[in-house]
Amino acid sequence: VILSEETAVGDFPVEAVAFLASLAQTVERAFPPGDSPGRKLSDATRAISRAGCQVAAAVGAAAIVTATSSGHTARQVAMHRPNVPIIAVTPFEEVARRLQMVWGVFPWVGEGGTSADQVIEEAGAAALASGLVREGETVVITAGVPVGIPGTTNMIKVEVVGWD
């Protein structure tokens, strides 16, 4: 939602912002979390993204952490509007910059990994470092194996961060 300069500096800027905030909240309630109307889950990334949100709600996760090379998985998770933050761990600064504009996504630039275990370890570390998750809290991690190949999201892991 964008206010024009005229509205923002007019006689009622606070009321204009309050109205638009109310409008945005009403629209979000009208379209509950889940797929957009008419959209079908047709690939593993979409299915994993949807399932990750469901698992996060079921286990009371503090966040969903996506390991992503392109940002696609983070965008797919965000489409479902989970009630927890989405921490998108990517090795690419450009991808992180683009993800800053995606609803509910907090991008984190990391080193990536060469194995699933390294990706999971980095995801937990990024969750803690982001300040959105505290030690001992549960996160849901989505990633792809083999690691580092865009479009291979095929894994969900429930992890308690910070405790070995």
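Buried here means under 20% relative accessible area, with exposed over 50% and partly exposed in between (1.4 Å probe, protein chains only). This is a predicted model, in which local features need pLDDT of at least 70 and side-chain atom pairs count only at pLDDT 80 or more, while totals for chains, interfaces and linings use all residues. Residues are numbered from 1 along each chain as its sequence is written, and side-chain values use heavy atoms, without hydrogens and water.

Helix 4 is mostly covered, with six of its eight residues buried; helices (H or I, at least four residues) and strands (E, at least two) are DSSP runs numbered from the N terminus.

| Helix | Buried residues |
|---|---|
| Helix 4 | Thr 73, Ala 74, Gln 76, Val 77, Ala 78, Met 79 |
| Helix 6 | Val 119, Ile 120, Glu 122, Ala 123, Gly 124, Ala 126, Ala 127 |

The axes of helix 3 (residues 44-59) and helix 4 (residues 72-79), as lines fitted to C-alpha atoms over the stretch in contact, with angles from 0 to 180 degrees between N-to-C directions, come within 8 Å and cross at roughly 50°. In this contact (heavy atoms within 4.5 Å), Thr 45, Arg 46, Ser 49 and Cys 53 of helix 3 meet His 72, Thr 73, Gln 76 and Val 77 of helix 4.

The buried residues of helix 6 pack against strand 1 (63-67), strand 2 (86-90), strand 3 (105-109), strand 4 (138-144) and strand 5 (153-160). After helix 6 comes Gly 131, with a positive phi near 85°, and after helix 4 comes Arg 81, whose positive phi is near 50°.
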